[in-house]
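Welcome, and take a moment to look over the chain before reading on. The paragraphs below go through it step by step.

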Amino acid sequence: MEKQKRNTKTKQMVLDTLLNEPVTARCHSDIVQQLDGKIDRVTVYRILQGFCDDGLTHKITDDTGKTYYALCRDCSAGHHDDDHIHFRCVNCDTVSCIKAPQQMPRLPRGYRASGMSCFISGYCPNCLPPERNKRPKSAGAKVKLTGRKK
Ligand SMILES: [Zn+2]
Ligand SMILES: [Zn+2]
Ligand SMILES: [Zn+2]
């Protein structure tokens, strides 16, 4: 009973890190870091796997093979329905779930799709060089395009 309680609390802590920014996906080490060493890496990994099984989170693998975890919306245990776009910011290295209509490309004869996962790279709203939304007010400030957040 006691152990059960502690498990629930640990799970809740991991879930909370994801709930902070619901559309942003986190990688494993990112979550471990955010928990500030309160939960060890292996436990976090196991909890995340459990969340995926329960339909709470989904896994995203980017073009470099790095895995991210993000919250699901309408998924249930054993059934995921996450056919949405994922966007990776090349500047701050965050991955976001994007709810936008996506269209299945026309496939050559003989191919039948059963799912689709789309990965887009670019700049997120936080990192986008402010050229389109330029306002006269900020004319005095020099725009640095090479500025990095980290
Ligand atoms: Zn899902
Ligand atoms: Zn960014
Ligand atoms: Zn997603």
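What follows starts with the whole chain, moves to its sheet, and ends with a single residue.

This is a predicted model, in which local features need pLDDT of at least 70, side-chain atom pairs count only at pLDDT 80 or more, and totals for chains, interfaces and linings use all residues. Residues are numbered from 1 along each chain as its sequence is written, while chains are lettered from A and ligands numbered from 1 in the order in which they are written.

Let's begin with the overall plan. The protein chain has three helices and six strands; helices (H or I, at least four residues) and strands (E, at least two) are DSSP runs, numbered from the N terminus. Of its 150 residues, 15% count as buried, where buried stands for 20 or more other C-beta atoms within 10 Å of a residue's own, exposed for 12 or fewer, and partly exposed for anything in between, with C-beta atoms placed from the backbone. Two residues are in contact if their C-beta atoms, placed from the backbone, lie within 7 Å. Among contacts with a separation of 6 or more, 51% join residues 24 or more positions apart.

Now for the sheet. Six strands form an open, mixed sheet in the order E2-E3-E1-E5-E4-E6. E2 and E6 are its edges, each with a single partner strand, so one side of each has no neighbour in the sheet. From one strand to the next, the twist averages 30°. Strands count as paired if DSSP finds at least two bridges between them.

E2 (residues 57-61) pairs antiparallel with E3 (residues 67-71) over five bridges, and histidine 58 stands opposite alanine 70 in E3. The two strands form a hairpin with five residues between them, and glycine 65 in the turn has a positive phi of about 90°. Helix H3 (residues 41-54) lies across E2 and E3, at about 110° to E2; such angles run from 0 to 180 degrees between N-to-C directions, with axes fitted to C-alpha atoms, for helices over the stretch in contact.

Elsewhere in the sheet, E1 (residues 24-27) and E5 (residues 95-98) pair antiparallel over two bridges, with threonine 24 opposite serine 96 in E5.

Finally, visit isoleucine 120, in strand E6 (residues 118-122). Is isoleucine 120 buried or exposed? Isoleucine 120 is exposed, because 12 other C-beta atoms lie within 10 Å. Leaving out residues up to four places away in sequence, isoleucine 120 touches Ile85 and Phe87. Isoleucine 85 is 35 residues away from isoleucine 120 in sequence, yet their C-alpha atoms are 7.4 Å apart in space.
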